Structures are given as structure tokens and as C-alpha cells.
Amino acid sequence: MIEQLIFTITALLGFLTLILIRFRFKSNRHINFYLLLFIFLSSVRFSIHSVSDVLPLQNFQKFIDLIFFITLWPLLYLYFTNLVNDNNQIKIKELAHVIVPSLVFLILFGIEQYVTTEALLMIGKILFLSAIVWNIAYAIASYKLLKNRVWKRYSDVVIINQQNKIIKRWTQILFSIFVLMFIRFLISVILIKNGLWYVAQNNYMWVGGLLWIGMYVKILYSPEFLYGYDVFKNKIKELKQQTIIFDNIWITKHNTEIINILDVKLKEKIALNIENYIIAIENLALNTNLFFSKNFKPTDLSHKLNIPKSHVLYLFKYHSKISFADFIKTIRIQKTVLLLNDGYLDSNTMESLAFETGFSSYSVFFKSFKSITGKSPQEYSNN
């Protein structure tokens, strides 16, 4: 009874998640066809198991379990691949990862009634063990892809870097859940004494159901995942007035000994105000056009903050990992990224974008953009 309840809740949450994320399919980089497909397969599977005691669906249950087992890790790998490449379009050649093994196993599923029990058991064991190896291979491939292309990914553009952190956290959770489900399955196989071809009892399937429920709750509870980039940007805006956003740039506590006498005196004056200065500078950088003015200098910033110029210079000398000029460049490139994502080039040129964000020429803009994002403005726009 409890197991059937878990299966029902898992199926309902799965279909609810499908309905919600389907409406953001084209605009949400976290979502692609393969995510929708393996959530759909899982939801159908748990739906069948939830009514297995009431309706005679044993053959269909066996069929969907088989499809689910041989396609889940390939689908997850394809999801991660498209997530890394920021692509939600289906490529026909990618489907071979799923179609080829499915056909092989479906053929066996169809001819089992025409062969002897001993022959079927032998063929089944071989193919079943092959399927386990197949899944392990895709699990390893997924791990390598995520480790090299997602978990170590970094950008100096804060809005991109924060988004990368969300994707990193999500892929780590998803990968871990699938590994646990696979381990659960292997344990159930080990406990079966009557062969390896098909685990009719699906021992401890309720554990897998709880793991799926955890994943669905994570998706539904995380609006930046469910609704994508727009909501994520709004969450960033909520933080701008109260916290340090560019935590990869600032050094709030400077522990190195200061030799310059004037700087030692300055430290005594402004040590308690460092974080307030940083938050004030970020607020101006993110909420005004001050940093997009041509020939913007530390003097201009000090006037706007109503503090001595020496305080600004001290801050960037001892509490910033980059220079004042590089900080301006970072702010301008971040603004460029936001404009590109908002469709600025739909009605404007790349040159006007350069001047809009405060660069003196397109060549300077081009070099700055590529040095920070690793791509040319055109390449980023095309992606």
C-alpha cells in the first residue's frame, strides 16, 4: 500500500513537472528534449506500477521497465551534452544512442515466446549484463563531460558565473540521484535468485521513487531552474542592494602587510567601511550608467560616492583582484551580455552596442569581450 502511494506521488509530480517546464522549453537553457523525455518515461513507468495491483498490465509494465532501463543513462548523457552546448534542438544522429539498443532489446522482447526457456535465459543474461555495462559506460561518459565542461567552468562575467554555479549544482544533484538509482537497481538484481533477464519484482523500487520525488521537488522549488534566465536575473537584482555580488573580484579582508606609510594611515581610517564601499560601488555599477561613461576615472567614482579619491585607489589596490580599469571593463562586458540576451542586436548593430556600453571603439570592445567571455561578441550572439 505504501509502495503504491509512493509510485502514485512520483508519477503525479513527474507529470506536473513536465507540464510546468514544457511552457519554458524554448527560453530555458536548463531544459532540452532529453530531459522532457526521461521525465516522461519515468512518470509513465511509475503510473503503470501504481495501478499494477488493480489492472492487468504486467506485459506493458515489463515493456516500459525494459525501455526505461536501457535508455535512461543514454538519455541523461544526451541531456548533459545539449546542456553544455546550450542547445535544445533534436539531432537525428543523437537518437542512435537510444534507438539502436532499444531495437535490439525489443526484438528479444518480441521473440521470447518462440524460443526455449533455457535459450531465452542464456540470451537474456548476456544482453542484460551487456545493458548494465552499456549504462556504466554512459555514466562514466556523463561524469567526464560534466567534470571537464561544467563543474570546472568559470567566467569573469558575474551573471554568467552565477548561472554556471546553478547549472553546476543542478547537474551534480541530478548525476548523484541517477547514480543512487542505478546502485539501487544493481542491488535488487543481486538479491534476485531466479535469473538476470527481467526483475519482475522490482525490489526496492520505492527507493527509486523517493529519489525521483526528491528531484522533482528540487525542480519545482527552484524557480531559477524551472523558469530559466529571466527569473534568475530578477533574483540577482534582489541581491544588488544588500550583498556583495562580485565575490570573485573583491578581497574583503586584506591580510598582507602594508609597507607604504600613507596606506597604513588610510587603512586605519577606512578599515571598517570596506564592505560598505564595495556594496556602494557595486550598486552604482549595476543600477546606474555611471561606468558606461567614456573616460570614466577614479575621481568620478569618488565624487559620486562622496569619498576622497585616495579611498577609491586604496580599495582597488588592496581589496580588489583586478585593477580599476579592468573592473570597468568587466562591468561593461556584463552589461553587453545582458543586452545581447535581451535581443539588442535585433534592431541595432554590434558597433552601436560597443558605444552603448562605453567603449571608445569596436576593436577595444571586441578584445575586451573575448578576453572575458572567451568568445567573440558575434559567437556569443549566435549561441
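View A. Lysine 329 counts as partly exposed because its relative accessibility is 25%; buried means under 20% relative accessible area, exposed over 50%, and partly exposed in between (1.4 Å probe, protein chains only). Helices (H or I, at least four residues) are DSSP runs numbered from the N terminus. This is a predicted model, in which local features need pLDDT of at least 70 and side-chain atom pairs count only at pLDDT 80 or more, while totals for chains, interfaces and linings use all residues. Residues are numbered from 1 along each chain as its sequence is written, and side-chain values use heavy atoms, with hydrogens and water left out.

**View B. The salt bridge between arginine 45 and aspartate 65.** The N to O distance is 2.7 Å. Arginine 45 belongs to helix H2 (residues 33-50) and aspartate 65 to helix H3 (residues 58-84), 20 residues apart. Both are buried.

**View C. The salt bridge between aspartate 263 and lysine 317.** The closest N and O atoms are 2.9 Å apart. Aspartate 263 sits in helix H10 (residues 261-270) and lysine 317 in helix H13, so the pair ties together parts 54 residues apart in sequence. Aspartate 263 is buried at 10% relative accessibility, whereas lysine 317 is exposed at 51%.

Technical notes: Salt bridge = Lys/Arg side-chain N within 4 Å of Asp/Glu carboxyl O. Helix = DSSP H or I, 4+ residues; strand = E, 2+ residues; numbered from the N terminus.
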